[in-house]
Every structure is written in structure tokens, then in C-alpha cells.
Amino acid sequence: KILGMSQKEFAHKVADISPRIISEFESGVGNPTLATLEKIAEPFGLKTTFLPPESWRLLAQKNEDNSNA
């Protein structure tokens, strides 16, 4: 249960999306749009964001360390 309601109730009443979308997302086979992710996250006070790949973050950190040396 999510927020005291079933997945189906949450999908219809809160997120205004198909319960199938949530089910697929939870099982790892779905590919929700950014708008759908925002609809799912908003009732929990969460924001949708993206992180660059770890290799980019490590490179950025290395470059920052080198510029501070």
C-alpha cells in the first residue's frame, strides 16, 4: 500500500496514470517518461533529477583536484 491506498488507487486518484505503468516501473520493465516519474514522486515530496554517469563525476572531481593543486 502506498499512502494508505492500493497501487491502483494511487495510480488513478493521485498520480493520474495507469496502474500498469507503476507495475512495470516497479518490476524494472517499464520506461516511464519524465512527466510520469514526476507524477509518481510528487506526492512523496520528491523531485526527479538526473545524475551524470559515475565516470563523468570521477573525471570532474579529478579535474577539480588538479586545478586546486
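Let me start with contacts. Of the contacts in the protein chain with a separation of 6 or more, 21% are between residues 24 or more positions apart. Please keep in mind that this is a predicted model.

Next, the secondary structure. The protein chain has 4 helices and 0 strands, and read along the sequence the pattern is α-α-α-α. The radius of gyration is 18 Å, whereas the globule rule gives 11 Å for 69 residues, so the protein chain is more spread out than a compact globule. Along the principal axes, the C-alpha atoms fill a box of roughly 55 × 25 × 20 Å.

How much of the protein chain is buried? Of its 69 residues, 14% are buried. The accessible surface comes to about 5500 Å², and carbon and sulfur atoms account for 55% of that. On charge, there are 8 positive and 9 negative side chains, with the centres of the two sets 6 Å apart.

In soluble globular proteins, nonpolar side chains tend to be buried together. Here the largest nonpolar core has 7 residues: Met 5, Phe 10, Ala 11, Ala 15, Ile 17, Ile 22 and Ile 40. Which helix gives the largest share of this core? That is helix H1, residues 7-15, with 3 residues. Leaving aside neighbours within four places in sequence, Met 5 is in contact with Phe 10 and Val 14.

Glu 9 sits in helix H1. Pro 19 is 10 residues away from Glu 9 along the chain, and their C-alpha atoms are separated by 8.2 Å.

The other residue is Gly 30. Where does Gly 30 lie? Gly 30 is in the loop between helix H2, residues 19-27, and helix H3, residues 34-41. Its relative accessible area is 25%, so Gly 30 is also partly exposed. Not counting residues up to four places away in sequence, Gly 30 touches Glu 24 and Phe 25. Between the C-alpha atoms of Gly 30 and Arg 20, which are 10 residues apart along the chain, the separation is 9.0 Å.

Definitions and conventions: Residues are numbered from 1 along each chain as its sequence is written. This is a predicted model: local features need pLDDT of at least 70, side-chain atom pairs count only at pLDDT 80 or more; totals for chains, interfaces and linings use all residues. Side-chain values use heavy atoms; hydrogens and water are left out. A nonpolar core is a set of buried Ala, Val, Leu, Ile, Met, Phe, Trp, Tyr and Cys residues joined through side-chain atoms within 4.5 Å. Buried means under 20% relative accessible area, exposed over 50%, partly exposed in between (1.4 Å probe, protein chains only). Helices (H or I, at least four residues) and strands (E, at least two) are DSSP runs, numbered from the N terminus. Contact means heavy atoms within 4.5 Å. The radius of gyration is taken over C-alpha atoms; the globule rule is 2.2 Å times the number of residues to the power 0.38. Accessible areas come from the Shrake-Rupley method with a 1.4 Å probe; for residues, only the protein chains shown count as cover. Lys and Arg count as positive and Asp and Glu as negative; His and the chain ends are not counted. The place of a charge is taken as NZ of Lys, CZ of Arg, CG of Asp or CD of Glu.
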